[in-house]
Amino acid sequence: AAGVLSQFDPDHAGILPVFVDGVLHQEKHSAFGFHGLDRIVPKALPILREALVSAEPRTRQYIATVLGYSKSEVVLPLLFEMQKNASPEVRREAVGSLKWLDAPECVPHLMRALGDEVPEVREAAREVLLFERSLAAEALPDMLSLLNSGPPCERVSVSLEIGSAACRESG
């Protein structure tokens with residue numbers, strides 16, 4: 001059904017239930033087979049937000065992925081909220097999904113993720129900053145501040161990111 005519905009206009013009434021079902025059942029081919037994710041996902045936000053309360057961590061991770069791929073800034077508050085999730089896998093995916101959004105309001109959340117106690121979450125933040133140079137440039141003053149006075153794990157993450165940025169600029 002998703003293959004057929006993906007050929008319809010993203011605003012077609014029959015798309016939303018099939019799309020949400022695909023997301024909640026982690027069916028990559030059905031969820032990513034749709035065009036117009038930037039229009040479908042915002043309509044699905046209330047249902048996806050509700051699913052985050054009871055869904056297993058793997059489903060929550062997948063929701064974060066879909067939110068990022070929508071490239072719609074209306075998903076930012078939910079992705080920011082997901083970065084506070086108890087599951088490190090969910091936090092990692094929520095942070096990683098920010099690379100598709102290139103929004104300046106992501107910077108404080110990326111900075112917080114650089115200080116996460118879980119190395120994979122910190123690495124996801126570094127990857128976003130590597131992927132989105134504009135966010136890295138915007139984050140540089142905060143990174144320098146953390147480098148001087150932040151907790152040890154944040155200083156290490158930030159120094160690695162600043163080193164990577166310097167290599168990118170010189171290479």
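**Helix packing and the nonpolar core**

Let me start with a contact between two helices, that is, DSSP runs of H or I with at least four residues, numbered from the N terminus. Pro-57, Arg-60, Gln-61, Ala-64 and Thr-65 in H5 meet Glu-89, Val-90, Arg-92, Glu-93 and Ala-94 in H7, where contact means heavy atoms within 4.5 Å. By class, the residues of this contact are 4 nonpolar, 2 polar and 4 charged.

This is a predicted model, in which local features need pLDDT of at least 70 and side-chain atom pairs count only at pLDDT 80 or more, while totals for chains, interfaces and linings use all residues. Residues are numbered from 1 along each chain as its sequence is written, and side-chain values use heavy atoms, with hydrogens and water left out.

The axes of H5 and H7 are 8 Å apart, at an angle of about 5 degrees. H5 is therefore roughly parallel to H7, a label for angles under 35 degrees.

Next, Ser-97, in the loop between helix H7 (88-96) and helix H8 (107-114). Ser-97 counts as buried because its relative accessibility is 1%; buried means under 20% relative accessible area, with a 1.4 Å probe and protein chains only. Leaving out residues up to four places away in sequence, Ser-97 touches Ala-64, Thr-65, Gly-68 and Leu-79.

Now the core. The largest nonpolar core has 47 residues; such a core is a set of buried Ala, Val, Leu, Ile, Met, Phe, Trp, Tyr and Cys residues joined through side-chain atoms within 4.5 Å. H4 gives the largest share of this core, 8 residues. Leu-110 is among the residues with the most contacts inside it.

Technical notes: Buried < 20%, exposed > 50% of the residue type's maximum accessible area, 1.4 Å probe, protein only. Axes fitted to C-alpha atoms, helices over the stretch in contact; angles between N-to-C directions. Parallel < 35°, antiparallel > 145°, perpendicular 65-115°, else oblique. Nonpolar A, V, L, I, M, F, W, Y, C, P; charged D, E, K, R; others polar.
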